[in-house]
Amino acid sequence: VYQGQFMSAGAYSRNISGFGRATYEVTDDTEVYAQALYAKSKIKYDGFPNLFFTTTVLPIFSGNPFIPGPLQQQLTNTNTASFNVAKLFTELGPIKTDEDIRQVDFRGGIKGKVGGFTWQIDYTHGNARYDFAQRNQFDLLKLAAAADAVTDPATGRTVCRPTLSTDAAVRAAYAGCVPINILGFGAASPEAAAYAFGTSIYQAK
């Protein structure tokens with residue numbers, strides 16, 4: 001049962017903002033101005049660890065060297081090709097989120113009077129950018145490949161199935177794959193976890 005040991009009670013937040021404006025009277029009836037606004041917000045927090053549950057499960061195929069002997073025997077006796085694993089990967093730590101929001105705005109113009117009339121010309125330019133990153137998150141393609149562990153018939157070593165593919169492009173794509181054992185708490189090696197983890201990035205501007 002997850003006890004919330006990784007959840008942030010409150011997110012780290014840092015905000016920076018600045019504003020400046022300058023005006024200058026060219027004549028008694030004409031004035032120019034310029035102003036700038038800058039704002040930045042940075043937020044960090046920890047969320048739940050990676051989770052596979054209900055609709056999102058990870059298949060483990062019969063013959064996987066990490067399957068305990070009694071369970072493998074049961075799979076063999078019942079001719080079961082695979083089983084699904086639903087798991088909260090608490091031992092691998094929380095998903096760490098970073099959010100950065102930045103806004104820049106510039107305005108300038110000139111205004112004046114001619115007789116009983118007033119006139120004004122303005123220019124404005126601004127942009128906003130949002131960066132979102134979640135570290136310590138599973139790369140699902142890499143995780144699926146790493147969890148599909150088999151025994152290499154040529155060497156007897158435990159390897160990722162895609163590395164034995166007859167397709168050279170598949171072998172190349174998963175050349176660095178490290179088999180991962182997800183059966184049991186803390187069963188995954190640091191090397192396997194490092195391979196299967198990645199950073200999810202989103203940017204809007």
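## N64 and its surroundings

Once neighbours within four places in sequence are set aside, N64 makes contact (heavy atoms within 4.5 Å) with Q72, A147 and A149. N64 sits in the loop between strand 4 (58-61) and helix 1 (69-77), where helices (H or I, at least four residues) and strands (E, at least two) are DSSP runs numbered from the N terminus. With a relative accessibility of 5%, N64 counts as buried, a class that means under 20% relative accessible area, as against exposed for over 50% and partly exposed in between (1.4 Å probe, protein chains only).

The model is predicted, and local features need pLDDT of at least 70, side-chain atom pairs count only at pLDDT 80 or more, and totals for chains, interfaces and linings use all residues. Residues are numbered from 1 along each chain as its sequence is written, and side-chain values use heavy atoms, with hydrogens and water left out.

Not counting residues up to four places away in sequence, I180 touches F66, L143, A146, A147, A188, A192, A193 and A196.

Within helix 2, the buried residues include L143, A145, A146 and A147. The elements that cover the buried residues of helix 2 include strand 3 (51-52), strand 4, strand 8, strand 9 (149-151), strand 10 (158-160) and helix 4.

## Aromatic pairs

Six aromatic pairs are found in a search of the whole structure, a pair being two rings of Phe, Tyr or Trp (its six-membered ring) whose centres lie within 6.5 Å, with planes under 30 degrees apart counted as stacked, over 60 as edge-to-face and the rest as tilted. One of them joins F138 and F197 and is stacked, at 4.8 Å centre to centre and 5 degrees between the planes. Because F138 lies in strand 8 and F197 in strand 11 (residues 197-204), the pair ties together parts that are 59 residues apart in sequence.

F138 is buried at a relative accessible area of 7%, and F197 also counts as buried, at 16% relative accessibility. Both belong to one aromatic cluster, formed by F52, F89, F138 and F197.

## The largest pocket

A pocket is defined on a 1 Å grid over the protein atoms alone, as an open set of points where a 1.4 Å probe fits, with protein on both sides within 12 Å along at least five of seven lines, and its lining residues have an atom within 4 Å of a point. The largest pocket has a volume of about 150 Å³, the volume being the space filled by probe spheres set on the points.

Strand 1 (12-27), strand 2 (30-49), strand 7 (94-114) and strand 8 (117-138) each supply at least two lining residues, and strand 7 gives the largest share, three residues. Among the residues of the lining are E25, D28, K111, G112 and W119. By class, the lining has one nonpolar, four polar and six charged residues, where Ala, Val, Leu, Ile, Met, Phe, Trp, Tyr, Cys and Pro count as nonpolar, Asp, Glu, Lys and Arg as charged, and the others, Gly among them, as polar.
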